[in-house]
Each structure stands twice: as structure tokens, then as C-alpha cells.
Amino acid sequence: MTALASAEPRRADPRAPAIVLSALLVLLVLAATVAASIGAAGIPLERLPAALGLGDGEAAQVARDRLVLVSIRLPRIAMAMLVGALLAASGTLLQGLFRNPLADPALVGVSGGAALAAAATIVIGERALAQAGIALPIGTLPLAAFLGALAVTSLLYRLATSEGRTSIVL
């Protein structure tokens, strides 16, 4: 009997997911802190607590730092976190829907469907509305892209589903 055959299989540490998530959370906080301090109007790390109202400093400088931080940087940091989380969730949902860990919006055609619908809205919608003297509403383009992506996803799901089961091969 060889050493490999007699070796017991390694068991995963049940704490591993918690450790990984904790490390990723720490990295997220560090990245947000660095993002809050870097920019055209630099705010050094030692002035960040004062700008957040957690410390003291020169009143004019704290007011400027607070304005930059609260009006520009924190909303952008929050939006970046939200967009990243939503992209991760949508990718996970797409992979779960098709039961394929390699499913990707660009690979399966969802991005192309969104682009086609957006381009068609620009070309056709602009011409049709221009004749009536109406400008294309600003919310029309994202809505058209979403509907195009949804239509392609629905079509792909119907093509991949056979006898009530979704094939993992597209």
C-alpha cells in the first residue's frame, strides 16, 4: 500500500469561509480608506478622522476636507461598493440560472443583446421621435438595454431548457 492510498483525505476547516470573508472585509475597508484620501484635493490619512467629525483640526481645512469627502468621495465609494456587489450577484445568478460556472454575460450573449437594444433605441427611436419633434427621454436607453438583456436571457434559457431541465452545456 502506498503512502498516497493510506493518507486520509484532508478535511476543510469549517472556519475557512469566515476567515476569508473577514480578510476580504478588512481589505474592503482599507481600499475605501485609501480611496477616501486620494484625489485632486488630497486628504492625508491623519486628517480623515477630523473630516469625518471624529477629531479636531484647523476649522477651514476640516470644512474643506469634509465638503470633499461627504459631497464627492464617500458617495463614489459607496456607489462603487454597491455596483461591485450587484455585478457579483448578477454574475452568480446567471451562473446559477444556466447551471454553468463558466457562464458570463459577454460569453452567452446577454451583453450583446443589451448593446443591440440600446443601439436600436438610439437609431430607430431618435429618428421616430425627431420627426415628431420630441427628444429621446434619458431613461429610455438604460431601459432598452435592460429589456434587450432580459430578452436574450429568456431566449437562452428557453433554448437551454429541455424536458423541464436546464442543460449545463449551452
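**Reading burial, salt bridges and a pocket**

Colleague: Gly84 is partly exposed, with a relative accessible area of 38%. This is a predicted model, and I would like to learn how to read such labels. Which helix holds Gly84?

Modeller: Gly84 belongs to helix α4.

Colleague: Why does Ala63 count as partly exposed?

Modeller: The reasoning carries over. Ala63 counts as partly exposed because its relative accessibility is 43%, and this residue is also found in helix α4.

Colleague: Now distances. How far apart in space are Gly84 and Leu74, C-alpha to C-alpha?

Modeller: Keep two separations in mind, one along the sequence and one through space. Gly84 and Leu74 are 10 residues apart in sequence, and their C-alpha atoms are 15 Å apart in space. For Pro44 and Asp65, the separation along the chain is 21 residues, while their C-alpha atoms are 9.7 Å apart. Ala63 and Thr33 are 30 residues apart along the chain, with 19 Å between their C-alpha atoms.

Colleague: Let's turn to charges. How many salt bridges does a search of the whole structure find?

Modeller: For a salt bridge, look for a side-chain nitrogen of Lys or Arg within 4 Å of a carboxyl oxygen of Asp or Glu. The search of the whole structure finds 2. In one, Arg47 pairs with Asp65, and the closest N and O atoms are 2.8 Å apart. This pair links distant parts of the chain, 18 residues apart: Arg47 sits in the loop between α2 and α3, and Asp65 in helix α4. Arg64 also forms a salt bridge with Asp65, with the closest N and O atoms 3.1 Å apart.

Colleague: Is Asp65 buried or exposed?

Modeller: Asp65 is buried, because its relative accessible area is 1%. Salt bridges with shared partners join Arg47, Arg64 and Asp65 into one network.

Colleague: Which side chain of opposite charge is nearest to Arg73?

Modeller: That is Asp65, at 7.1 Å. Arg73, found in helix α4, is buried yet has no salt bridge.

Colleague: One last feature. What is the volume of the largest pocket, and which residues line it?

Modeller: Its volume is about 300 Å³. The lining consists of Ser90, Gly91, Leu94, Pro105, Val110, Ser111, Pro142, Ala145, Phe146, Ala149, Leu150 and Thr153. Then ask where those residues come from: α4 (59-98), α6 (110-132) and α7 (140-160) are the elements that give two or more residues to the lining. The largest share, 6 residues, comes from α7.

Colleague: And how many nonpolar, polar and charged residues does the lining have?

Modeller: Sorting the lining by class gives 8 nonpolar and 4 polar residues, with no charged ones.

Conventions: Residues numbered from 1 in each chain as written. Predicted model: local features only at pLDDT ≥ 70, side-chain atom pairs only at ≥ 80, totals over all residues. Heavy atoms only, no water. 1 Å grid on protein atoms, 1.4 Å probe; cavity = no way out; pocket = protein on both sides within 12 Å on 5 of 7 lines; lining within 4 Å. Points joined across faces, edges and corners; volume = space filled by probe spheres on them. Helix = DSSP H or I, 4+ residues; strand = E, 2+ residues; numbered from the N terminus. Nonpolar A, V, L, I, M, F, W, Y, C, P; charged D, E, K, R; others polar. Buried < 20%, exposed > 50% of the residue type's maximum accessible area, 1.4 Å probe, protein only. Lys, Arg positive; Asp, Glu negative; His and termini not counted.
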